[in-house]
Amino acid sequence: MADFKRQFIAHRGLFDNSEDYPENTLSAFRRAVDAGFGIELDVRLTKDGQLVVAHDDSLQRICGEDVDIADLTYEELSRRRIFSSSQAIPLFTQVLAVVDGLVPLVVEVKQSSRTNQTCQATADQLRHYRGRYCVESFDPRVLLWFRRHRRAVLRGQLSGSFEGESAGSRMLDACLKNMVFNIITWPDFIAYEWQKADRFAVKAWKAILRCAMVAWTVRSPAELAAAARNFDVFIFDSFMPI
């Protein structure tokens, strides 16, 4: 994780959703590269199995359409524009070409009903990429897949308090919040919401794994100073950390 500790990581690129470089777009990623920041991004599959970079399941927030990305082909998706900008949802291969190994990448594999297929597509596209990267996910099945099939790839468990959210049952919620599945996946780093670093499970797993700690998402100089007490790597947006 040394490469990731040397650079702040721009959340979904160095974006501004009110300008022509909205989140998770080629223009936001070019801007991050030009500024020398690492990049955090999200990958998921389209209906026709294309790996694209997008955070939300649905286009509602970013395009104003109540339709899921998984229900559209890439050709259909490419016609939409994000936040009324000139930018479309890019293919992961397009992003890799833009970044071209110049800054480190944190690739979040999104949860879906096609976990194995998404992991395989991500691994295939990263196989010959010569830049520095790691993968992370809230879904322990993603980490388990990479541990079994791409053991050399750095993998991180994303987690947090999940306030107001549920995975379907209290038991599963507790397991995810406390990262119980780390026993099986044995991640190389933990990415946790920086405000909750004092939770017992966070401290315990940090001691057990002796791993790097990644803070998400820091949004001001004051938050960065507070997060620095407990974390090694910082994912940021909404301000310039340097």
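1. Start with a definition. The angle between two helices runs from 0 to 180 degrees between their N-to-C directions, and each axis is a line fitted to C-alpha atoms over the stretch in contact. Keep in mind that this model is predicted.

2. Now apply that to a pair. Helix 2 covers residues 26-35, and helix 5 covers residues 92-99. They pack at an angle of about 25°. Their axes are 10 Å apart. Angles under 35 degrees count as roughly parallel. Helix 2 is therefore roughly parallel to helix 5. The crossing of the two is right-handed.

3. Which residues of helix 2 and helix 5 make the contact? Helix 2 brings Leu 26, Phe 29, Arg 30 and Val 33. Helix 5 answers with Gln 94, Val 95, Val 98 and Val 99. Sorted by class, this contact has six nonpolar residues, one polar and one charged.

4. Next, the open spaces. The largest pocket has a volume of about 700 Å³. Its lining takes in 29 residues. Nearest the centre lie His 55, Lys 110, Phe 138, Phe 162 and Glu 165.

5. Which elements give two or more residues to the lining of the largest pocket? They are strand 2 (38-45), strand 4 (105-109), helix 8 (170-177) and strand 8 (212-218). Strand 2 gives the largest share, three residues.

6. The largest pocket has 14 charged residues in its lining, with eight nonpolar and seven polar.

7. The second largest pocket has a volume of about 150 Å³. Its lining includes Arg 44 and Leu 45. Asp 57, Asp 68, Ile 69 and Ala 70 also line this pocket. So do Gln 111, Ser 112, Ser 113 and Arg 114. By class, the lining has four charged, three polar and three nonpolar residues.

8. The largest cavity holds about 50 Å³ of space.

9. Which residues line the largest cavity? Glu 23 and Asn 24 do, along with Val 53, Ala 54, His 55 and Asp 56. Ile 62, Ile 82 and Ile 89 complete the lining. Five of these residues are nonpolar, two polar and two charged.

Conventions: Residues are numbered from 1 along each chain as its sequence is written. This is a predicted model: local features need pLDDT of at least 70, side-chain atom pairs count only at pLDDT 80 or more; totals for chains, interfaces and linings use all residues. Side-chain values use heavy atoms; hydrogens and water are left out. On a 1 Å grid over the protein atoms alone, a cavity is a set of points where a 1.4 Å probe fits but cannot get out, and a pocket is an open set with protein on both sides within 12 Å along at least five of seven lines; lining residues have an atom within 4 Å of a point. Grid points are joined across faces, edges and corners, and a volume is the space filled by probe spheres set on the points. Helices (H or I, at least four residues) and strands (E, at least two) are DSSP runs, numbered from the N terminus. Ala, Val, Leu, Ile, Met, Phe, Trp, Tyr, Cys and Pro count as nonpolar, Asp, Glu, Lys and Arg as charged, and the others, Gly among them, as polar. Angles under 35 degrees count as roughly parallel, over 145 as roughly antiparallel, 65 to 115 as roughly perpendicular and the rest as oblique. A crossing is left-handed if the near helix is turned anticlockwise from the far one by less than a right angle, and right-handed if clockwise. Contact means heavy atoms within 4.5 Å.
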